[in-house]
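Please inspect the sequence and coordinates before reading on.

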Amino acid sequence: MGHKGNAKTKENASNANAAAPNADAADANAHLNTPTRLTGAEILWATLAGEGVTDVFGYPGGAILPAYDALRKFPVKHVLVRHEQGAAHMADGYARASGKVGVAVATSGPGATNLVTGIATAMLDSIPIVCITGNVSSKVLGTDAFQEVDITGITLPVTKHNFLVNKAEDLAKVLRHAFQIAKSGRPGPVLVDITKDAQQASAIFDFEAAKPRPYQPHPMLRVEESGLAEAAELIRNSKRPVILAGHGVMDSGAMEQVRTLAERAQIPVGLTLLGIGGFPMSHPLCLGMMGMHGESWVNHAIQEADLLIACGMRFDDRVTGKLTDYAMKAKKIHIEVDPAEINKNVKVDVALVGDLREVLEQLLPRIGTRNQGGRDGSVWLKTIEASKGAVTVRDIKNLPDLGHLYAAHVMHDLWRMTAGDAIIVTDVGQHQMWEAQYYKHEKPRTLITSGGLGTMGFALPAAIGAKIACPEKEVWVIAGDGGFQMTAAELATIVQEKIKINIAVINNGYLGMVRQWQEFFYERNYEATPLVSPDFVKLADAHGIPGRAVRKRSEVEAAVNEARSSTRAFLLNFMVEKEDSVYPMIPAGSALHEMIRRPEQDPLEETAEDK
Amino acid sequence: MLHTFVAYVEDLPGVLTRVASLFRRLNINIISLTVGRSERAGLSRMTIVAEASAEAGHRIRASLFKLENVVDVDDIAQAPSVTRELALIKIAATPQNRGQIFDLAEVFRARIVDLTSESLIIEMTGVESKIEGLIEILREDEGRVLELCRSGKMTMRRGHHLSSVVRAMGVSEAESAEREAELAPDIVTGEVE
């Protein structure tokens, strides 16, 4: 196990009690091999260490104190957050950036309930995290004891599974099972609630014996010969196919297989928001993001398609628009690991229920290349290309500087200056959609964003988690002025942990996406959307984080350079156009082709001259 | 349409909540749910009857399987099966008029399991329609039905069709349905009383 002996993290930690970290860590790891009597609290950390956990994000409190007391003996680094929601988002960002299971720790009662938003965020986006909560002693469970809350009851609908542990001897087994559940099949969050007496009692710890039963795949996974043959037939005979690539492409590690399918059969690829990164944006067959704020040509291609090949995506309403008018002319092939997603929103013609990579490996040999008499996709690709029209000139760096600063400029410049190689962690709203449109991601796990739940306040803590998972990567937070304030307390965590991340606040003085809806659908009644904010540069400064305000396009490059070259975290406050809107937009309840297009006089409309 | 699911679940605290919560989330009303021990140690057997669209069956079954404590799920659908319900009915009956109830019980093959000077209890098992038939007749006499307790449906497929058995036999469900149709055409048609 490669995670052993990782005592260096402990040396860096500010825990003054860690008198002899190396010796203690070695002891802790010895427990993995020889059954030893430990307290429940020690079993908790020993099991986490055994599962390969090196970092956890948490906040102490009464009911979890025994666990915190035992932490110093184990090679696990603890990041102290400022609010438990931050801990859950950090574990989430950690998991999204690394592909490993993220871990959050909180105490009972309010500590546990504060995790809930973060747990739901992970649930909706299928992110493997394990949340550990303390609870009151098992003798007083259910008596409304101080800081007691039924957190397994509360989180039941937003976890993949949860456990209540009230015996030290159950702990190792439950925790190992929790990790298995979190990362297997369709991943998701698991919560383990541990009573205080279970942390204090002792039991024999035997890591090997606590190993869960082998993972049982969902019994309704089904990839039949006939289904594969039918899918291959549909692909071979299609004239206007589109691949819809979702989050599952990355979860299953099927990037190569999707790419091979696209290239071999000359099929264009549309991406869901969470699918971004699974297929290179610069690839000639990549159409970009689909759905509510997807590019017009992607959505038109889907509406005109005669075949959709859905790969690891779930036909979310933000992707389909009005279901009754969705891709009416298309046959649909759905390749998906979760049988409960089949025919949930969109009725499909062929369902291949299994791991995407495995299914594609079975499917690909049946799809011939063009040389082998496979399909010729050139006519369809030309049709799509023609439908792009004037908006195809996506490189806006040479747009005349009109003295205004548009968020799109910021995204574009960030993309250009980071060579598309940074991990971008976005919040939720207009900036999130602009990022998806203008920052061209080439690699998996470079865009971290809350898609399903749409959780404002996600970006800053998730970025901290991402940076801790990938310390060698450049990490940027992009957040709106609204969402940033929801979890801005985590600026202090950045300082305490000495984390180098760059923060771009896209500040338009409004809750921008809500304002946009009010502009389009509520007669510009800007109720409760104008937003008075603190001076974010001063706020950062109060935390000891340097920053700078950016008001003009011409200032962007120097400011971004300054942030990137700073060895410390850096905040840029981009004062962008106040009433800019994200285009195109499909109004809620409308069909995919019924887009609100960019206005004719939009300053972001590129012309051929801008090349 | 009415869906009937048979689920084997771990016999642990909170499992019923998880199953019930799944239906709640899908906004599906559970019409009846019976739980009890099964032939497998540590596993309880549930029969869940719910009203939902015809297409919902697949998703409900798939979602039930996703619950960590659910070991096996069978969607009985239209498959040949035996369904029974138990009813206890307390009737106001005096020595003067209880004879009529005795006759009725005999016709319905029900049993009298308790008898006092003011009331008696009828125990009856059978298919839903038979139980409702008896209740309907008893209710013709207003005020006579004092208490009514029904177990909800318990369902078992005919033959060896539990999905775990089917899987163990290595045949797909479609094949097993075909085989079923070939092997037992006459049993399919009727309830054996």
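How many bridges join strand 1 of chain B to strand 3 of chain B?

## Strand pairing in chain B

The answer is 9 bridges, and strand 1 runs antiparallel to strand 3 (residues 43-51) of chain B. Two strands are taken to pair if DSSP finds at least two bridges between them. Helices (H or I, at least four residues) and strands (E, at least two) are themselves DSSP runs, numbered from the N terminus. Within this pairing, Tyr8(B) stands opposite Arg45(B) of strand 3.

Strand 1 of chain B is also joined by 5 bridges to strand 4 (residues 70-75) of chain B, again antiparallel. Here Phe5(B) has Asp75(B) of strand 4 opposite. Strand 1 covers residues 2-10 of chain B, and because 7 of its 9 residues are buried, the rest of the structure largely encloses it. Buried means under 20% relative accessible area, exposed over 50%, and partly exposed in between (1.4 Å probe, protein chains only).

## Basis of the model

This is a predicted model, in which local features need pLDDT of at least 70 and side-chain atom pairs count only at pLDDT 80 or more, while totals for chains, interfaces and linings use all residues. Residues are numbered from 1 along each chain as its sequence is written, chains are lettered from A and ligands numbered from 1 in the order in which they are written, and side-chain values use heavy atoms, with hydrogens and water left out.

## Interface of chains A and B

Contact (heavy atoms within 4.5 Å) links 16 residues of chain B with 17 residues of chain A. The two chains bury about 1500 Å² between them, 59% of it on carbon and sulfur atoms. Buried area is the accessible area (1.4 Å probe) that two parts lose on being put together, summed over both. On the side of chain B, Arg18(B), Lys66(B) and Glu68(B) lose the most area to chain A, together 38% of what that side buries.

The rule finds 1 salt bridge across this interface; the criterion is a side-chain nitrogen of Lys or Arg within 4 Å of a carboxyl oxygen of Asp or Glu. A salt bridge joins the side chains of Lys66(B) and Asp338(A) at 2.5 Å, N to O.

## Chain A

Chain A has 25 helices and 20 strands. Of its 611 residues, 60% count as buried.
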